[in-house]
Amino acid sequence: MEDVGEGKEFSFPGEEEKILSYWTQIDAFKTQLKRTEHLPEFIFYDGPPFATGLPHYGHILAGTIKDIVTRYQTMTGHHVTRRFGWDCHGLPIETVIEKKLGIKRRAQVVEMGIDKYNEECRSVVSLFVEEWEKVITRAGRWIDFKNDYKSMDLAFMESVWWVFAQLFDKNLIYKGFKVMPFSTGLKTHLSNSEVKDSYKSVSDLDAMVTFPVIGAEDNAAFVAWTTTPWTLPCNLALCVNAKIVYLKVRNKKSGKVYVVAESCLSVLPDDNPKPNLANAADAKKAKDPQAKGGDCYEVLEKFDGASLVGKKYEPLFDYFNDFSSVAFRVVADDHVTDKNGTGIVHYAPAFGEDDYRVCIENNIVEKGEGLVVAVDEDGLFTERITHFFGRYVKDAQKDIIESVKAKDRLVKSGSFTHEYPFCPRTDTPIIYRAGPSWFMRVDEQLKAQMLENNEQTHWVPNHVKDKRFHNWLEDARDWCLSRSRFWGTPLPIWISDDGEEVVVMDSVEKLEKLSGVKVFDLHRHHIDQITIPSSRGPEFGVLRRVEDVFDCWFESGSMPYAYIHYPFENKELFEKNFPGDFVAEGIDQTRGWYMFYHLLVLSTALFGKPAFRNLICNGLVLAEDGKKMSKLLQNYPPPMEVIDEYGADAVRLYLINSPIVRAESLRFRKQGVLGVVKDVFLPWYNAYRFLVQNAKRVETEGSGPFVPTDLATLRSSNVLDQWIHSATQSLVCFVRQEMDGYRLYTVVPYLLKFLDNLTNIYVRFNRKRLKGRTGEDDCHIALSTLYNVLLTSCKVMTPFTPFFTETLYQNLRKACEGSEESIHYCSFPEADGTSDERIEQSVKRMMTIIDLARNIRERHKLPLKTPLMEITVVHPDAEFLDDITGKLREYVLEELNVRSLVACNDALKYASLKAEPDFSVLGKRLGKSMGLVAKEVREMSQQDILRFEETGKVTIAGHTLGLTDIKIVRVFKRPDGLKDTEIDANGDGDVLVLLDLRPDDSLYEAGVSREIVNRVQKLRKKSGLEPTDVVEVYVESLDKDESALQQVLSSQERYIKDTIGSSLLPSTLMPSHAVVLSDESFQNVSKLSFKISLARPALKFNEDAIVALYSGDEKFARGLQAYLLSRDHSNLKSEFQQGNGKITISCIEKLPVVSVVLGDHLHLTVGDYLLSTTNS
């Protein structure tokens, strides 16, 4: 393996760029696809974006989810075709073009020419392709851009025609004339699903208007209230509820007579003077809604609504006088209520669903296209509405109200705030407008089958499927799938002039055969002119295509068939692998794009199956302030800026490890991405770097290149080796289980916890072993263990962080022959069944003990450098106590700087137990019984609580409670005769820890040694030394009495050597030729003063022995020493190792050849010299 630099020098974005180049060099994605083509297919439907802009965080999130799942499935033995797609048709594209060309009216498109308009639309699609490929690739997603599909391709469109033809043959398609949501911005009808979630709270005008009853002797008038005053010029009827009670009332002041619902009398204006609210009686009346109109109106008559049916009234305007014989009369329907308004509703049948239905039922208008619609596709009044001709309906409202007022027909007007639908594309107000459209019939049978198919799918999170989507399916209505637009897949319907003959095309071949025209493109400007001779004979003329195009959601729902040109190609591939395995999309698309509703309705109608098996639904990425990300507001950092600063892997992990993968929203914070780098990648990198550094150390010390022991044959008696191996197996098992369940939100936190344990427990607690201070064999086992754990965890993390894992793998694989060329060619690790739950639980508890004890130290301001005499661990589990006093004992003592550890299984010796009910868990479950149960839980005896902990359940007041229902609190009982400054305890409800805080003189020297070691380590860091850099450490006492320091160095020699890797050398032994790297003096450290010096390893000569080599010639001896000092220290060391401690020197001019023996004539370091003299 090659050496690696410090984490602070490691550029995550820079390394990712190198990996991208490497992937390009080896053609990694294509190679992976080729290597897996013999494996079972995993079918993934990728919801393509509209080609109208650049990718944002929402796209990166969705792409990351899809990339993670498809990488995982590839690693677990599947072939996963991943083709990028482009949604090319429909209103999003047209909106861009109309903005570019300044088109505001439908007529402008016709004047321009549909051919030119459509080709402008086609040109938009290619504008952003290059930028999309750049961003998506940089984000680490593997997907095929070269073999992409576009919804405007002939093959895709032909499959869409086939889908429609199947529905037509199943009698699921019909032409209807309905009142539907209409976008004046887009000049077309929309489906109800498109506007259902696009409501805004807005202030609108309202009006209360009179309709005088014809023939009424008292000049009575019906009063109707409307929130759409623009529809008043088109009024044809009034509607009441036959069962509601109505009143005829006279205004005491004006004498005007009105008819309103009894319960709505209070909505009439109050002509009385404003009350004096200081007067109690007036104030009381002012607050009474019934009194509001009651005081100034006299009730003349009371009757039910049925008695009003058929009564004629005077029209408000004369625009529809030609309807006088059938219109301007009262009708009844149950949809009218007295909850608001006047209980009388004004009807304009072309602009309201109920208006249209009830007017047809009462023969005021006829069903179908003969209905007069006095508002055109631009939302402007037609010539019939003479006074407001050419005016946009919403803009004309004030003038309409003024006109009504001028006729003395206005009771009152004003403004009110309500929820109103807006076009999701143009943000213009929706109006409801009658018009012809083509519909897919969603009857009760199809709806029931959709609900059944929905149950066969697996959603993450599940509640979106069971609640939101289920409710939507139950209320599903016929789907308006046509649009009176230009750029889209044309409806393949040809109709004769008399409407008697209808032909639906299911293929290009059929169109060519029937028309005799060669077809190369299916867009409107290429096929609108194509006619088909009537099958009834020439006298019946020809069939012409209907003008409409498909709602682009229909194309989306057809994607599983159209993207592979089914059934014209890939028939076997599709039929073997349908339904697809996986889709993913945002919560905002629950009724949008192809995935959720449109996929399901088409697959159910076509094949009786759901379109997919598994679905991940993600939430929305919002700006940091909680608002929608907006280019205009510039309230979010550009994605590429963040990727270039912190790396794509950090962005991926930040997005995935958030509530967003549980269909909740995420407020994107750039600092959050930085947090991932600091908390995840740097510790992970440092663990990897620590492995590499120590593997290189082994190599430089002469053991040859590090070759790890294979995982299958690796055996270790070390408890932390066993633990990390078990934890790795548990990781593999857990990730497989959760990824198979598509629960990404559980996987990432587990992965992050594992990495935290790897760096902060395994590496930290095993530094001595990994540095070789416990013997060469033990070092190799520890390094092999760390190597295998890093390699396995890299493979597990590969789907999530494809760049970083590849970076690590490319170096790790150099230690093992026969490794794959890329980590993305590797299989996902298999769990081998060797996990040990007991040891994992014991280590987890050990860390809890360490944390609890550290908290005690912090409370008493006792730093870890201060040694303590004893720690007591209280727990009832005998196996755990065996572990903590056995194989885990040394780790606890060293980490906490405590001399002894005592185990206690008597839970009541140091604590009293209290039981507390968990109200958050039990409250809803127990209801009124909660009080009684809580009382009895708190009264549980010590023995009751112990039994409960042992059995895991208890029955109280007839309710069985478990361990999650009751919290057990351990209250510390201080031993008699000890103060709180002498002993303290801490617990978490499971383990209780006691620390003996009493000072002990015998601990003084241990404390001083920690202080000295701390100074050495800080000086190393200050000098910029790497952990693997070998130096010799010299110490010099600065006190008059040097014996105190010597005593510490002598008694704590083992600890000091184990910790810093070498003995502290007396400064008197430092050779004159030693190179000092740094030194520092320290005053009054635990009452001692001393100087520490760090020097490069220096040769220590036995000058008498060297002089003897040359028979007493001191000049020759000095020449030999000068030569040896000029040599590279590590090379000299290698030569002595190769010569078994002996080298022959024959290259010094004019000096005799001599053999120099290590240990006799010199030592390679002062430390070696001191060790040899001590041993001898």
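Predicted model: local features only at pLDDT ≥ 70, side-chain atom pairs only at ≥ 80, totals over all residues.
Trainee: Which residue does Arg938 form a salt bridge with, and how far apart are the closest N and O atoms?

Mentor: Side chains of opposite charge can pair when their charged atoms come close. A salt bridge requires a side-chain nitrogen of Lys or Arg within 4 Å of a carboxyl oxygen of Asp or Glu. Here, Arg938 pairs with Glu916, and their closest N and O atoms are 3.3 Å apart. The two residues join distant parts of the chain, 22 residues apart: Arg938 belongs to helix 34 (residues 930-938) and Glu916 to strand 29 (residues 911-917). Helices (H or I, at least four residues) and strands (E, at least two) are DSSP runs, numbered from the N terminus.

Trainee: Why does Arg938 count as partly exposed?

Mentor: Buried means under 20% relative accessible area, exposed over 50%, and partly exposed in between (1.4 Å probe, protein chains only). Arg938 counts as partly exposed because its relative accessibility is 44%.

Trainee: How many salt bridges does the structure hold?

Mentor: The structure holds 74 salt bridges. One of them joins the side chains of Lys394 and Asp204, at 3.8 Å from N to O. This pair also links distant parts of the chain, 190 residues apart: Lys394 sits in the loop between helix 12 (353-361) and helix 13 (397-406), and Asp204 in strand 5 (residues 199-212).

Trainee: Are Lys394 and Asp204 buried or exposed?

Mentor: Both Lys394 and Asp204 are buried. Compare the salt bridge between the side chains of Glu1011 and Lys865, at 3.5 Å from N to O. Glu1011 lies in helix 36 (residues 1004-1022), whereas Lys865 lies 146 residues away in the loop between helix 30 (837-859) and strand 27 (868-874). Glu1011 is buried at 15% relative accessibility, while Lys865 is partly exposed at 28%.

Trainee: Which residues does Asn811 touch, leaving aside those up to four places away in sequence?

Mentor: Contact means heavy atoms within 4.5 Å. With those sequence neighbours left out, Asn811 touches Met1, Glu2, Val4, Tyr688 and Val692. A polar atom of the Asn811 side chain lies 2.8 Å from the backbone nitrogen of Glu2. Asn811 itself belongs to helix 29 (residues 802-812) and counts as buried because its relative accessibility is 6%.

Conventions: Residues numbered from 1 in each chain as written. Heavy atoms only, no water. Polar contact = N/O pair within 3.5 Å; in protein donor to acceptor, adjacent residues only side chain to side chain.
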